[in-house]
Structure formats: structure tokens, C-alpha cells
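Walk me through this structure, step by step.

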Amino acid sequence: MVITPEVRLGSSRCLLFSLFLALWETGSGQVHYSVPEEAKHGAFVGRIAQDLGLELEELVPRLFRVASKGRGDLLEVNLQNGILFVNSRIDREELCGRSAECSIHLEVVVERPLQVFHVEVEVKDINDNPPVFLVKEQRVLVYESRLPDSQFPLEGASDEDVGSNSMLTYKLSSSEYFTLDVKTNSDGHTQIGLLLRKTLDREETPKHNLLLMATDGGKPELTGSLQVLVTVLDVNDNAPSFQQSEYEARIFENSDNGTAVIRVNASDPDEGSNQEIFYSFNSLVPPMVIDPFSIDSNTGEITLRKNLDFEKVNSYKFRIDATDRGHPPMVGHCTVLVKVLDINDNVPQISLTSLSLPVREDAPLGTVIALISVSDRDSGANGQVTCSLMPHRPFKLVSTFKKYYSLVLDSALDRESVADYAVVVTARDRGSPPLSATASVSVEVADVNDNAPTFAQPEYTAFVKENNPPGCHIFTVSARDLDAQENALVSYSLVERRVGERALSSYVSVHAESGKVFALQPLDHEELELLQFQVSARDAGVPPLGSNVTLQVFVLDENDNAPALLPPGAGGGGGRERELVVSRSVGAGQVVAKVRAVDADSGYNAWLSYELQSSAGGARSPFRVGLYTGEISTTRTLDEADAPRQLLLVLVKDHGEPALAATATVLLSLVDSGQVPKTSSRASSRAEAVDTAMVDVNVYLIIAICAVSSLLVLTLLLYTALRCSASPTEGGCAPGKPVLVCSSAVGSWSHSQQRRQRVCSREGPPKTDLMAFSPSLPPCPLVSDVGEHQDLNDHCGKVSEFSCAFNRYFEIL
């Protein structure tokens, strides 16, 4: 083929014109461009970044990328200016073959947030392929007996271009015997042949050399040529003829070998051997076309001998020759078109790309999790694919373009309820029966800090004995966080406050990781009976979340304080020795003095008893001391034989373990009744009045104590029954002996039978504890002849003290 300068100029102009007409348009969410084939490297296609609404500065940060499935790197994007350009040679015929439409589908993906755009670049055909004949020379045998208007088929040329560039026109060199006959079949194909204009004479012209020219419709026009050599034969003058010039058959692609496709039939008006016909494939049909078929030479039946595949070849077209057995033989021709029918034999294909995993549980609705594309090699309804999703929540499939879907979030996530999802995408075609394929996507839900640590209960109670060693473990708090990883790492701390004049952190501390609460110093029950504070639990999330719990620490009493003797007067000193004057006329059983003492401890440790120590000489003393009152009274009437000075040693002990004691020395001077000072008489009168008042007070005290004790016993029985029905819990409780302490008829401490009672915090093993009551007895002056005044309010104060002690015990329960 010769290309003239005018052809080159026209081709260049066409190329430039196509480049400048690079077109984009938006429709159905897609950008379209067009580019001519054979464009040079770097040829401009379109400003893709601008057309997609993306800024040039965000292309690199958002990981702008272009993917073309199966198309290699034909097109590329300059990230500096956002221009789509030709990266390598584009050959439309290699890319799309003879397809009327040819386009390159680009998938543009940007992230942060994830977006996907679909771009189609149409490859325009240029007239770069001339018409080509299968052979350079075609031989045609013509009997001289053939009549004018006889036809002799020729193999036409083919042009790999499409459209007008592939529209061929034929021209035959000048000949007085032959002209060119061109016909267009029902399928749009052009069939050419030689038409005999007048009768041939082999003896005059045995051969005819003709030149067949094929010209396409492109600009500039390209041509191809075929040398036709016509040989004129003699003898048999009737060729077989078919009933129809073109046959059409349909067969399913899954047909078995040996299946009959079609039967062709030809007849010959000659007689004898010239009438006998055998059938064969035309010698010019390519082997790959006739390879799946075989033909019975006698019957003309075409059968299947190899499996068909609609997805590879959907139709076959070939020529059948009917040749008689004359001398020379004559041949008739027909065309057979076999259309392969599709069956649903291809399962849909699912492709998952651009997975954005894991997904935060606070991700907004509509978040794109994955891009899904489906395909089916079948055609028609067999190739139409629908997608479904299981489970239906919290995700859904959104169709973005043709067979492209996005897996998006449809409802809120909660990692604490469901930590991951096994999402199954099912693609099902519309064939009969339908075929389906599935693809699984494991969607992991990433945790966010949306749960604060929580304690099992809002308040805990712990017990610790006083004088504990520094660093003693008091209690352990524990909080649970439903989040994961660092969001579930809980640290503990004290909520700082003032306890009296000191900071809370000087008393206790909490281990940040274990939640163990430690006492930093020995605690003193007499100074601090109840230490109440809050412990904060905070996780390590961003931002951190936290909660508080209240811890009540009861400091239990121990016997660490000895009885303290009170002076005779309310504001007097604390001397242990006191001297009193007693008249010898005092009768038996008369109270002459009283020893008063208090114990800073509480409960059993503060219950005091008084005991008179025997004298050194072993003589029996005319005096005695009340076991629990400390009152010194006469055992008999005093006489002259009694020594004028009586030295009494009174031992005051508490009931702690071990017991602590103090000794009071009382010196009594015995005088005759006439020598007793008047003040003593007045004091004696006051003492008698006080004794009378004390009797009345003790009666009321006994009634009050009995009533409160009855209520206490009922409460203890009910509490014990409830606690025994509940399962014991774990924790640290200090053992002890619970003792119910009440007042005796004479106004001092006494105790009922000991009853072991479990008093525990809500988290911890049962523990027995001392039921502590603070005596805090008000001072009472000694009663003597020369004694001080004693008010009845002291005894009323005792009744109030006992009531407060019982109320505090009920609070502990």
C-alpha cells in the first residue's frame, strides 16, 4: 500500500482534530473522555482532577490512584496538574477487536474519606489498517460450458478497523468476460463473486488474470488487492446447486458431540456420475472455524465433534461445497451460519477491593467499608447479576455503577454487643436454574472509649483494728470497663479531701493498678472511728472516662487505754491519793466515799470493775467497794477498836484482753460524831439525797436498758436469719468477739451472754467484730462527809450515753 503526502497530511489533521476534541461529560455519576488510537505518549486526554471536583493539592494526601482492570498502564494521571494522558500505545484493534464500541473503564479511588469515581475513555478508531485478503492469489475454475450470469464466489477482504473505516468497496479490473457481483447478506456481511458476462471459450482464452481491488471508507482511503486467476475448464457443464444459498442453524453450547447441527442439500441436473455429489468444507475456510464440526460427504449433514463455548465464540460462518463427480467436477456453494446459544454455565464472579477495616464503632451511617464488583461471562438473563447481603443489618449494599456496589454502614455499631461481623455477599444471576457465588467479608469493629469503669456497688464497708501496722491492706476495690485494650485499662486513685486538719492521703493510699487500699499509718479508734472517702476509677481512653465509689472504713477498738482516775472535783487534778473524814457513828452499809474512773476505750474494753486490795496485816477492813460502782461503804458499824486512819487501796480494771488497771489510794480518818465538821453533815445530807436520786435514776436506767436490749435481741435474730440465708462473700475482715454491752442495775457496765455475729462489708468473707460503745462517762464527785457536790445530771447523762451507744451499733449493722 502506498501512502501519499496528502494521506499523511490528512491523517495528521485527523489525529490533531481528535486530540483537541477530547470530550468529557457527566451522566449517571460517570465522566467520559475520548482519545484516538495510536495517540503518542503524553497525549492529553482530559483534566480528570478538575472534572471530578478534586483539588490538585489533595491528590497525593488522599492517595489518588487510577486502576484499569486488565488494561495495563495505557493511561496515566499527572498528580502535579491532574491531567489524564496517554502513557503507552493504544491499539484499538488489539484492545477491542471488531467491537463497534471500545472504551477503557477507569476506576479512580481517593481516600480520607474513601470515594470512588468511574471514568470511561472511548478509544476512537482511525483508519490505520488497510483491507487485507486472506491470500494474495485466488484460483477460480470455470467450465467453458457455464452460461452467462453464472456466479463464482470470491473470498472478500477484511479490515480490522470499525465503522466507516471498515466499509469496503470492491473494483475489478476491466474484462469482457467477467464483472464483479457484490451482495449484502441478511447479517450485514458483503459477499462478492465473479459474474460471467458471456460464454467462455477455453480454446480461445484458457486463463484470465484479474485484479480485485478493495478500498475502505476511511480518510484517507486505504486499499488492498487480490490476484484472481480464472482457469477455464472443459466438459461437465452443470454444477450442483443448493436449495438455498444461505443456511442458518442454532445449537446450545452444552450440546454433546455427535449432535446434528444442520443438513444441506444440493442437486445436479446432470446424469450419471456427473450427477453424484459429495459435500465438503470450502478449502478457504480457516481450520479454527470448522474445527468443531464435521460434515457427512454423502448426506451433507453437519454434526458437532467438539465442545462449544459461547463465551469464546458465539457464532460460526463457513462455506460448504457440493462437488459432482463429473470430469471435470463442478462445484456448487452455499453459506452456513451456526449461532451458538448461551446456557447458564458460568457462576458469577465477586471481587472485593478497597477494604476499610477495622470499622470504628462510632463510624457515621453511610461509611463505605468495601467496594464490590460482580461479573458473569454469560449473556442475556444468564449474565444479569443481582447482589444480596447477609446479615441485612447493620450493613447494606448500594449500587454505584452498573455491576459495582459499595458496602456501607446502615445502622449504628456497638463493639460491646458485637465485636465482629461475618458479612456474606451473594451474587445470583437470572439464569434457569440460577447460579450464585458468595464472598465473605470479616468486618471487625474497632473499640472507642464509650464506657466508663463501673463498680459492682456504689458503696463498700471495711473494718480495721486500730493500731494497725503502716502499709496494712484494708480493702480492694475493683471496677470493670466493657471497652477493650487501652480503653479498658483501669487505674485507681483517691478523691482527695480533708479529714479534720489533715489530708486524706496521709491516712490511706490506693494502688493505681490493683485497687488495693492501704493504711499509711496506725489508726486510732479514739481519734477516728469512721473514715469515709471516695476512690476514683478512670480508664486510659481518649478522652478518659471514670466513676467513683464510696468506701467506709470502721476503725475497731482495741484495749490500748488503761482506766484513768478522776479527781474528787470536776476541775481538780488527777491525783491518785485522796483523804476523807468519816464519822464513827456511820451505820453498816453506809456509803462513805466513791472512786470514779473512766476508760478512753469503748465497749468491753471500757467496762470497769473495782476491787479493794487487802491490807498488809491481813486484818479485815470494815469497808468494802462496789464491784461496778466504785462506792466505798461500811460492812459493819464502826467502833473504837477500828484504827483512826484507814488506808484503802482500790484496784480499777477494765475487761479488755489483756486487762489494764489503775490503783486509787483512799485515806479515811475516823472521828467521833461530835468532831465531824458541819460541812461534813451538810455533805452527808447531800449524799443521802444523791443516793435517793441515784436509786430513782437506776430504776429508770434498768427499764430503758431492758427495752433497748429486747429490741436489740429481736434485731440480731432477724439479721442473723437473713445473713445465714445469703452466700458468704470474699474479702478481708478482722476476726473478733462480738459482745453486747449494757448497763447494770447499779449504773455500771455489765454484759449479756456473748453472741458471735458476722459483720462484713458487701465484698469480703464474714468477720466477727467487737460491738464498740464509747463510755465517755461524765465525771462524778466522790461522796464523803467532806465530799464535793454531785449533780443528778451525771446520771441522766449516763442514760443518754447508753442510748447513743445503741444507736451507733444499729448504724454499724
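Residue classes come first: Ala, Val, Leu, Ile, Met, Phe, Trp, Tyr, Cys and Pro count as nonpolar, Asp, Glu, Lys and Arg as charged, and the others, Gly among them, as polar. By these classes, the lining of the largest pocket divides into 19 nonpolar, 13 polar and seven charged residues.

This is a predicted model, in which local features need pLDDT of at least 70 and side-chain atom pairs count only at pLDDT 80 or more, while totals for chains, interfaces and linings use all residues. Residues are numbered from 1 along each chain as its sequence is written, and side-chain values use heavy atoms, with hydrogens and water left out.

A pocket is found on a 1 Å grid over the protein atoms alone: it is an open set of points where a 1.4 Å probe fits, with protein on both sides within 12 Å along at least five of seven lines, and lining residues have an atom within 4 Å of a point. Grid points are joined across faces, edges and corners, and a volume is the space filled by probe spheres set on the points. The largest pocket has a volume of about 1500 Å³. Its lining counts 39 residues, and Glu155, Ala157, Ser158, His189 and Lys317 are the closest to its centre.

Helices (H or I, at least four residues) and strands (E, at least two) are DSSP runs, numbered from the N terminus. Which strand gives the most to the lining of the largest pocket? Strand 23 does, with five residues. Strand 12, strand 13, helix 4 and strand 24 are also among the elements that each supply at least two.

The second largest pocket holds about 990 Å³ of space. Its lining has 36 residues, with Gln151, Phe152, Pro153, Val331 and His333 nearest the centre. Elements that give two or more residues to this lining include strand 9, strand 10, strand 23 and strand 24. By class, the lining of the second largest pocket has 15 nonpolar, 14 polar and seven charged residues.

Now the sheets. Two strands pair if DSSP finds at least two bridges between them. Strand 20 and strand 23 run antiparallel to each other over five bridges. Phenylalanine 278 stands opposite threonine 323 in strand 23.

Another open sheet, also mixed in pairing, puts its four strands in the order 9-15-14-11. Here strand 9 and strand 11 are the edges. Strand 14 and strand 15 pair in the antiparallel sense over nine bridges. Methionine 213 faces serine 225 in strand 15.

Last, some backbone details. The peptide bond from methionine 390 to proline 391 is cis, with omega near -5°. Proline 391 sits in the loop between strand 28 and strand 29. Valine 542 and proline 543 are also joined by a cis peptide bond, with omega about -5°. Proline 543 lies in the loop between strand 42 and strand 43.

Aspartate 149 is not a glycine, yet has a positive phi of about 70°. The loop between strand 9 and strand 10 holds aspartate 149. Is aspartate 149 buried or exposed? Buried means under 20% relative accessible area, exposed over 50%, and partly exposed in between (1.4 Å probe, protein chains only). Aspartate 149 is exposed, with a relative accessible area of 57%.
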